[in-house]
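Thank you all for coming.

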Amino acid sequence: MKIADIRLKLSQYWYRFSQNKASIAGLLITVAIVVLTIFAPHLTPYPEHSGAFVDFRNTFQPPSSDNWFGTDQVGRDIFTRSIFGYRFSLIMAGTVLGIAVPLGVVLGLVSGYFGGWLESLIMRLTDIVLALPPLAMAIAVSAVLGSDLGNTMIALAMIWWTWYARLVHGMVVSVRNEEYVEAAQIMGASRFHIMFREILPNCAPAILVKTTLDAAFVIELSAGLSFLGLGVRPPEPALGTMVAEGARYLPGNWWMTVFPALAILVLIFGLNWLADGLRDVLDVDL
Amino acid sequence: MNSGEVLTVDNLVKYFPIKGGFLRGSGGQVRAVDGVSFSVQPCQVFGLVGESGSGKSTIGRLLVGLYQPTSGSITYQGKMQMVFQNPGSSLNPRRTVGKTLELPLRLHHRGLTRKQCRQRVAELLAQVELDAEYANKLPRSLSGGQKQRVAIARALASDPKFIVLDEPTSALDVSVQAKIIKLILELKDQLNLSYLLISHDLSLMRNVADVTAVMYLGKIVEIAPTAELFANPAHPYTQVLLASIPVVSVEEEALKPTKRLVEGEIPSPLQIPQGCSFHTRCPEAMELCARVAPEDSEIKPGHRVACHLHGRKGER
Amino acid sequence: MLTYNQLLEIKDLTVDFSRFGGKARVLNRVNLHVAKGEKVGVVGETGCGKSVTMKAVMNLLPTKRVFVGGSIFYKGQDLLTLDRFARRQITGKEVVMIFQDPMTSLNPVFTIGQQMEDILGYNLAGAQRGVRLSKKLRAEARQQAERFLAAVKLADPERILHSYPFQLSGGMRQRVLIAMALANQPELIIADEPGTALDVTTQAQILDLMDQLVRQEGIALLMITHNLGVVRETTDRVYVMYAGTVVETAETGQLFAEPLHPYTKGLLDSVPKLHGQGLSEGIEGSVPDYLQMKPGCRFFPRCPQALAKCEYEPPMPRSISENHMVSCHLVG
């Protein structure tokens, strides 16, 4: 498509998107956090605090102009560690969804389009897996396989694909009888083409919105896991771990728990608002 | 099959099985198409008219291979394509016009370079009176008439000899319908095409189809050259259909059979009446009609009716 | 007590939608009236504004980014100045609308009986908000429902009351919609494309039924459609709309016998006929973009008989004879 057309389309999307102020906030928050996280070593005041670092002269400092979020029990800057802590969250979200989404989408497409025993097999499998509560499963897997980050992420992905398979399967079933699919069939298009070039693009908006929402969900889960001490090895910062550790020093050194918890909250809100905005713009029924 | 004909349909039957669900009973079948035979000549427009449940759309889909016949045969030369009713849903909303047209091109002419493809797309668009720049547009920025033109271009892309037009203008405004019909007829002459025109609009049929067949609940009840059908409708259902058309002038009013409202509604295709399937609503039903299904009889050359009022002898 | 001439009088109704790219003037000073017991048709093609006009009357326009000007008088009262509750007393009760598609206008998860009980019970309870219906009221509502279903010639009303919409055919659903409209004992029924989604023989039956009922009860009918044949056979007077304005209005017989506006002529010409040879050429061009309205006549770009002044000067409605008005520089 020509540049002018793309620009026009983007400005139309922006018009719709900007109707809801929360969506804009969500977009800004998400983008800001992602940028901060990627460039954390350059953008945080005390990047070295993210590793093994101690400064016993500065322990338990309340929020100040030197340490916006205060310092923790070994003197590390909580603001810096919170930003680095986002890394854990985003890596979790990225990896889990990076595996689960393609896997789930393909299985959903295949089961929806071919039907028959393949459809039954895949859908029953998703039924079984969906009956398991994600957090409990993640804890169980972590406990069994050891708190190795990689294993935890793969285990979560193995559960997560089912949502996408379900979602896409439903959409494929409703779209496969549309006339443009019939037209492609009459022309003799290959099944691959019909699934991936005709049907999938129509599912893409819903998949995108769900992925955004799920990112928030996975981040919440990862915070829960790290809170329980699973999946993360100290001194790597993770927001959940920071909340857990800081909780021991309540109510006096409140900044050690409150700020990491707020950091999680802000990211989740941002993603949810962004997802709402995307849903409005892309006109999705979710 | 005669050497002249483009398409011959012989005793075509399509039954759809009913799965269990909330339809109790033995299951059974929907007799969508129940023994239909006709043939289409080169460069001819063959019209199939009927209301819901008549089976006309099913025949269209059988011809292009979307459904397989339960029995009977379809014999044709060359390629068959289809143009659908609803321009809103017959084009993939997420693909540009260009990509939509490229699909059939790539499938039928292997080894086309991108440049050749683009050129051919532009040629197709020109044939349907659209500028080449439409190739970059998405369906949602097109009007109903423009979308339908794209659908026609898509059908032409694979060089067919025969096109099934399923209610091609029903979803369009009346002023646009006229232009699309004109385009379709011009293309027929330019490219030597034959058409199967499926519609519920009798006025349209009269002006476009060379031969018209009237369908009711899966069977052809009357078939004749169009002018003859409208001048001398023999089957009571044809007469009722003609009488129900709302017309726009007093002159046309005079040309319709006298107004008669038929009783009740079209029976569900799940419960087709015994004997003549129209007898439950026919204003001239006889006792025989409830027991015995009428056979085709030719009352004039090329004019066939399936009705007991026009028995073997061809006399009322 | 306000005195009034016309049951419904729409005066200079103007509707703007705020959209990406600016404001779209979707209705431009529409004038329309319906007298008691009259049958009026509004014809036009996609985008002409006929549906928007009816939605404005029924208070169904979206609330955001929509601007409404002009007045809609019902029995002398301007509906646009009423608050929501006062409005609700009229639209939905004295003025009812039968929607286009009987397949989707009925709530699929309730039986017909439940849906009709709601309407009738509400009316019986004095149309007050938040009233719970007693068993006695429900029973009475049920009886009334049966009577209305019989009035629309549905056989076995009792069975229908217990049925869900999917169990009924299209024609039956349309009759149910009509019965529901009648249940309010309205003075005006607005029918949006009645019968368009139905087979032509069923449509003929439904139109015949509506004609009878409307005559019997003295209800006024405002019918919106794009089907010129239907309008000719069922209405007393017609409005022809194009691009948000009324271009011509006349008594039905008169309009079809002697159309004056080039658009009306083009429309009638486009309809395939039962006589004569040859097909029409349709009307050149397409509906204008409402975001970029040019000053003159909205039909100018497509008009085969346009004059130079048509491009700059919008035509004013002119009376040709009683009840026959045209907005065109060529006429009058």
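Which residues form one aromatic cluster together with Trp68(A)? The cluster is made up of Trp68(A), Phe69(A), Phe79(A), Trp254(A), Trp255(A) and Phe259(A). Before I go on, please keep in mind that this is a predicted model, in which local features need pLDDT of at least 70 and side-chain atom pairs count only at pLDDT 80 or more, while totals for chains, interfaces and linings use all residues. Residues are numbered from 1 along each chain as its sequence is written, chains are lettered from A and ligands numbered from 1 in the order in which they are written, and side-chain values use heavy atoms, with hydrogens and water left out.

Now to the pairs of rings. Rings of Phe, Tyr and Trp (its six-membered ring) pair if their centres lie within 6.5 Å, and planes under 30 degrees apart count as stacked, over 60 as edge-to-face and the rest as tilted. Over all chains, the structure holds 20 aromatic pairs. In one of them, Trp68(A) and Phe79(A), the ring centres are 4.8 Å apart and the planes stand at 65°, so this pair is edge-to-face. Trp68(A) lies in the loop between helix 3 (40–43) and helix 4 (78–114) of chain A, and Phe79(A) lies in helix 4 of chain A, so that the pair links parts of the chain 11 residues apart; helices here are DSSP runs of H or I with at least four residues, strands are runs of E with at least two, and both are numbered from the N terminus.

Trp68(A) is exposed, because its relative accessible area is 51%, whereas Phe79(A), at 14%, counts as buried.

Tyr263(C) sits in helix 10 (residues 262–270) of chain C and Phe299(C) in the loop between helix 10 and strand 11 (318–321), 36 residues apart. Tyr263(C) is buried at 1% relative accessibility, and Phe299(C) is buried at 2%.

Finally, the contact, which means heavy atoms within 4.5 Å, takes 4 residues from chain C and 5 residues from chain A. Arg19(C), Phe20(C) and Arg65(C) supply 97% of the area that chain C buries against chain A, where buried area is the accessible area (1.4 Å probe) that two parts lose on being put together, summed over both.

Technical notes: Buried means under 20% relative accessible area, exposed over 50%, partly exposed in between (1.4 Å probe, protein chains only).
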